[in-house]
Amino acid sequence: MATPSGGTSKRLIQYVIVRSDLIHGLSWPLGAVITQACHAATAAIYLHYSDPDTQEYLAELDSMHKVVLQAPDEASLSTLSSTLREKDIAHKLWMEQPENIPTCLALKPYPKETVQPFLKKFKLFK
C-alpha cells in the first residue's frame, strides 16, 4: 500500500468477533446482532481514537477493512477478551444492557500479523 510520501504502510484491519449462538441458539434477530457489532466497532474506535494506527485507519475512510469472526458462545468470547487484555491488545468487549450480557468484541485497528495469533481459531461469521 503506497503512502503519499512514496513509502509503504501496513494493512490495518479492525476485527470484530460476534457470538454466533445469539442467532443460532438464542434466536436473536439478525439486525439486533449486527447492531451489537456496530456498537463494539464504534466504541473501540472511540476509545482508541488518538492511537496512531486508528488515525491511519480512519484517514483511509473509503478503504477501511474489517473482518467479522464468530465466537461459538459467551465463554469463548470472554476467554478471548481475557487473553487480549493479558497481551495488551486493545479492544472493547460490548455488553448488552440492561442484561449485562457480553455479545461481541472489537479490536482497535491493527496490522493482521499483530493479532492473528490470538484470532486464528475463530472462523468468519456466517
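## Salt bridges and cores, read together

Mentor: Let's open with Arg19 and Glu74, whose side chains pair up in a salt bridge, 3.8 Å from N to O; the term takes a Lys or Arg side-chain nitrogen within 4 Å of an Asp or Glu carboxyl oxygen. Arg19 sits in strand β1 and Glu74 in helix α4, so the bridge ties together parts 55 residues apart in sequence. Helices (H or I, at least four residues) and strands (E, at least two) are DSSP runs, numbered from the N terminus. The model is predicted: local features need pLDDT of at least 70, side-chain atom pairs 80 or more, while totals for chains, interfaces and linings use all residues. Residues count from 1 along each chain as its sequence is written, and side-chain values use heavy atoms, leaving out hydrogens and water.

Trainee: Does Arg19 count as buried or exposed?

Mentor: Buried means under 20% relative accessible area, exposed over 50%, partly exposed in between (1.4 Å probe, protein chains only). Arg19 is at 4%, so it counts as buried; Glu74, at 37%, is partly exposed.

Trainee: Which residues are linked in a network of salt bridges?

Mentor: Lys10, Asp51, Asp53, Glu56 and Lys108. Within it, Asp53 bridges to Lys10 at 3.2 Å and to Lys108 at 3.6 Å.

Trainee: And how many residues has the largest nonpolar core?

Mentor: Nonpolar side chains tend to be buried together in soluble globular proteins. A core here joins buried Ala, Val, Leu, Ile, Met, Phe, Trp, Tyr and Cys through side-chain atoms within 4.5 Å. The largest has 17 residues, with Tyr15, Ile17, Leu107 and Leu119 making the most contacts inside it.
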